[in-house]
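Subject: Structure for you to look at

Hi there,

Here is the structure I promised to pass on to you.

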Amino acid sequence: MRTGADEDLYGAASAAALYDETYENYRRYLNPPLARVMKMSGSPVEVRAAGSTITDHNGKTYLDFAGGYGVFTLGHRHPRVVAAVKDQLDRIALSGRTMFNPLMGRLAQRLAALTPGDLTISFFANTGTEAVEGALKLARAATKRPAIVATHGAFHGKTLGALSASGRDAFRDPFMPLLADVRHVPFGDASALREVVDAAVAAVIVEPIQGEGGVNVPPDGYLRDVRAICDAAGAVMIADEVQTGLGRCGVMFGCDRDGVVPDVMTLAKGLSGGVIPVGAYVARPAVWNAAYGKAPLLHTSTFGGNELACAAALAALDVLIDEDLVANAAQRGAQLLDGVRATMARRPAVIADARGAGLLVGVELRSEGYGGTIIPELLKRGVTAAWTLNQQRVIRLEPPLVVTAAEIDLALRAFDEAVAAAFDQLGVLA
Ligand SMILES: Cc1ncc(COP(=O)(O)O)c(C=O)c1O
């Protein structure tokens, strides 16, 4: 049934014409191999979205359990964020940079109040990877040391500095040499970390829960150990909360799971309110002052902190708190994980593990091959899901924090059917 109006066809003559045009544009002008993979897995064209739902070119609706890889904490186009952005458009959209920007000041003040401890000084960019670049540069300038320690399987972004800290060889190898002296250790292993953090280390960068690495939850106390190891060596602790931050894991920040205050926290995805991209780091004043106290222009961004983005982020933080979405993430996350585990109990030949925190749930498959069937089968049943970028055996379920119990139930039913279909089609895979 078509629910979309003709304006959802973006001027194309028909739904099929819009699909053909978009596919051809991807194939010719964007990314030919990606175009083919998306076509093979049955990806439609997105034309409209609201809340937890995306509508495609045929008017079919999907529950968005890929969730923009964690962007849509408030769902798509939350009305309060849209209203704030529309209102801001009529005043000033991008900063002229030569005058004070009141919304950037207000957003920094809000983040200082929201983040733990004395994380009080913010820098704004537009993406997660830029937030990480900023944090790595800050640590190097503050400590005057060269080395960075990161974890296997980590995902910190794909610009050269962030990629150097990321932990998947397939993404790194074609770009060698990356930053010199980046040391990788197993995630969740404090002893291995202690071995490599010495007086040359500027920073240890770690995700509180590895998202793209396959939704890996470290042992309790790991972040406290990271904190202690950094303190002992005089290294900066960077918590990359681009994906885990702002309620995703059923707590405001992933670091809260261990009650730890890092020296620098990176944020992005959810801070956008799902409407305008925002990346940020928030730092302790001692670290920031050591780096930039006498050099305010060492690290800058033309677009970062623009008024539209700040209006979106300020509204997003209001909604997060007013709608108690962190608590909803915890409750709906438990429902989702329980449901996935029930399917795992029925299909042990397909699913090896289900884990996560809040609404960041990973489903580890016994073979990568199952994913290529489960994800399209889910799509057929009106649910989006996605692989984790650094671990193709893990499917992530990452719906908006506004998701309802009924929507989780619908998605779980589709998931159970998709897993059954994959097993029926593929049998036991080695
Ligand atoms: C933990 C983490 N850091 C950084 C990034 C990079 O963010 P972006 O894709 O906005 O550059 C991601 C993206 O998935 C992420 O999960």
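Below are my notes on the ligand site, some backbone geometry and a surface patch.

Before anything else, please keep in mind that this is a predicted model.

**The ligand site**

Let me start with the ligand. Its surroundings are made by Thr127, Gly128, Thr129, Phe155, His156, Gly157, Glu207, Glu212, Asp240, Val242, Gln243 and Lys269. By type, this shell splits into 6 polar, 4 charged and 2 nonpolar residues.

Which contacts might you want to display? Gln243 has a polar side-chain atom 2.8 Å from a ligand oxygen atom. With Phe155 the backbone takes part: one of its N or O atoms is 3.4 Å from a nitrogen atom of the ligand. On its own the ligand has 400 Å² of accessible area, and the protein covers 82% of that.

**Backbone geometry**

A word of background for this part: most peptide bonds are trans, and most residues other than glycine have a negative phi.

Where is the cis peptide bond? You will find it between Met176 and Pro177, with omega at about 0°. Pro177 sits in the loop that runs between α8 (169–172) and β6 (182–185).

Two residues with positive phi are also worth a look. Tyr69, which is not a glycine, has a phi of about 55°. This tyrosine belongs to helix α3, residues 67–70. Tyr69 counts as partly exposed because its relative accessibility is 39%.

Arg77 is also a residue other than glycine, and its phi is positive, near 50°. Arg77 is placed in the loop between α3 and α4 (79–89). With a relative accessible area of 44%, Arg77 is partly exposed too.

Finally, please turn the model to Tyr26, Tyr29, Leu30 and Leu34, which together make a nonpolar surface patch of about 440 Å². Which element gives the largest share of this patch? That is helix α1 (residues 15–30), with 3 residues. Tyr26 is in helix α1. Is Tyr26 buried, exposed or partly exposed? Its relative accessibility is 31%, so Tyr26 counts as partly exposed, a label used for values between 20% and 50%.

Happy viewing, and do write back with any questions.

Best wishes

Note on methods. Residues numbered from 1 in each chain as written. Predicted model: local features only at pLDDT ≥ 70, side-chain atom pairs only at ≥ 80, totals over all residues. Heavy atoms only, no water. Patch = residues over 30% accessible without salt bridge, like charges linked within 9 Å, V, L, I, M, F, W, Y side chains within 5 Å. Areas by Shrake-Rupley, 256 points an atom, 1.4 Å probe, with all protein chains shown as cover. Salt bridge = Lys/Arg side-chain N within 4 Å of Asp/Glu carboxyl O. Helix = DSSP H or I, 4+ residues; strand = E, 2+ residues; numbered from the N terminus. Buried < 20%, exposed > 50% of the residue type's maximum accessible area, 1.4 Å probe, protein only. Near = heavy atom within 4 Å. Polar contact = N/O pair within 3.5 Å; in protein donor to acceptor, adjacent residues only side chain to side chain. Nonpolar A, V, L, I, M, F, W, Y, C, P; charged D, E, K, R; others polar.
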